[in-house]
Amino acid sequence: MNDALNLLQPYPFEKLRALLAGAQPPADKRPIALSIGEPKHRSPEFVARALADNLEQLAVYPTTLGLPALREAIAGWAERRFGLAAGAVDPARQVLPVNGTREALFSFTQAVVNRADEGLVVSPNPFYQIYEGAALLAGAQPHYLPCLAENGFNPDFDAVPTDVWQRCQILFLCSPGNPTGALVPLETLKRLIALADEHEFVIAADECYSELYFDEANPPAGLLSACAALGRHDFKRCVVFHSLSKRSNLPGLRSGFVAGDADILKAFLLYRTYHGCAMPVHVQLASAAAWNDEIHVRANRELYRAKFEAVLQILEPVLDVARPDGGFYLWPKTPIDDQRFTRELFEQEHVTVVPGSYLSREVEGLNPGADRVRMALVAPLAECIEGAERIRAFIERL
């Protein structure tokens, strides 16, 4: 067996199950899960129709590169969304469809990391655990940058030692962040691109929450926006990851894309042809329909706005919590230890959240997620309100 498997930590939800084992929640209260970030809004009906209308494509082997129609839909969406000039993204060379960002983030790391260099994969802390597992299984060492309140829940990139940048092979960004909801500012993205040039590393921007924001007039910038602002039309050293899971409430479709530096994507495509992960043709056609429509995405954002407004009104008087820049998570500071908070909340109110310490790693005695919890506002509005009311009642009894 691969010895690196022994380096992998249990996933946060395995730790959560162990924490709640033996706990007896009140039988008279229905369970409310604010733990798993699985979108619960209705999937677009036109996507389901596109799937059904193309089921004959089940008889066709898909290509790893994907259909031109899908890559063109993705390129057009990226240009419109991130303020790029028409034709700025080459569908043939700068776009690859993938089976969701989780699969792509993992396989991308295997393709990019040079095992011989004893390199680092640098990521925010807390983080999406796939960054860590992908690094370890690629033969690299994870390096964690704390995301603290005093820095807006973004890493303090200016405090990173030069030797870390020199050893860095991939810098993972997550904007809006999971679980913090923090956006990486445009000017920071520009500075990171300059560092990538200086130290020859790749920036891998996980932007799967990019379409969940609050101000319709000001969609957040992304890594491609920063490239455009710098006149970096080849997107050199820059790659972005996007998904239909959160944007379009289609987590089961397992559909997303990677876009950016054509040279990197050429090598990644070679890897993927051996990886055996081509997206089924009927899924590609349904995905193209989703990327070509924004009406359902705006409606989706409106549902999340209503939930944040209602839940924050209930929780702000009793909890150190604030609306994030984007995404669908709250990242409040807990009045007691985060694991105790999670277990006792479950036992008393039948509400499930995730301890922040399970989403982070302790480095030099600091776990940036300690005494915080992640709450996913994915359930219907009424259920989120009820969950918030139960959390408030629990806190008021402490």
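**Entry 1: terms and model.** I take helices (H or I, at least four residues) and strands (E, at least two) as DSSP runs, numbered from the N terminus. I note at the outset that the model is predicted.

**Entry 2: the cis peptide bonds.** I looked up the loop between strand 5, residues 168-174, and helix 7, residues 186-199, where P176 is found. The peptide bond that leads from S175 into P176 is cis, and I recorded an omega near -5 degrees. P179 also has its place in the loop between strand 5 and helix 7. Its bond from N178 is cis as well, with omega near 20 degrees. I keep in mind that most peptide bonds are trans.

Entry 3: I then turned to the backbone angle phi. Most residues other than glycine have a negative value of this angle. Where does N249 lie? I found N249 in the loop between helix 9 (244-247) and strand 8 (256-260). Although N249 is not a glycine, its phi is positive, at about 55 degrees. The relative accessibility of N249 is 5%, so I count this residue as buried, the cut-off being under 20%.

H350 sits in the loop that runs between helix 13 (338-349) and strand 10 (351-352). Its relative accessibility is 14%, and I therefore list H350 as buried.

Entry 4: How many salt bridges does the structure hold? I recorded 22 salt bridges. Side chains of opposite charge can pair when their charged atoms come close. Are R81 and E211 buried or exposed? I found both R81 and E211 to be buried.

**Entry 5: the salt bridges of R305.** I next looked up R305, whose side chain meets that of E216 in a salt bridge of 2.6 Å, N to O. Why does this pair tie together separate parts of the sequence? R305 lies in helix 12 (residues 295-315) and E216 in the loop between strand 6 and helix 8, so the parts joined are 89 residues apart in sequence. R305 is buried, with a relative accessible area of 16%, whereas E216 counts as partly exposed at 33% relative accessibility.

I also noted a salt bridge between R305 and E302, at 2.9 Å from N to O. E302 and R305 are three residues apart in helix 12, which means that about one helical turn separates them. With a relative accessible area of 45%, E302 is partly exposed.

**Entry 6: E14 and L345.** Finally, I looked up E14, which lies in helix 1 (residues 12-20). E14 is partly exposed, its relative accessible area being 42%. How far are the C-alpha atoms of E14 and L345 separated? I noted a separation of 18 Å for these two residues, which are 331 residues apart along the chain.

How values were computed. Residues numbered from 1 in each chain as written. Predicted model: local features only at pLDDT ≥ 70, side-chain atom pairs only at ≥ 80, totals over all residues. Heavy atoms only, no water. Salt bridge = Lys/Arg side-chain N within 4 Å of Asp/Glu carboxyl O. Buried < 20%, exposed > 50% of the residue type's maximum accessible area, 1.4 Å probe, protein only.
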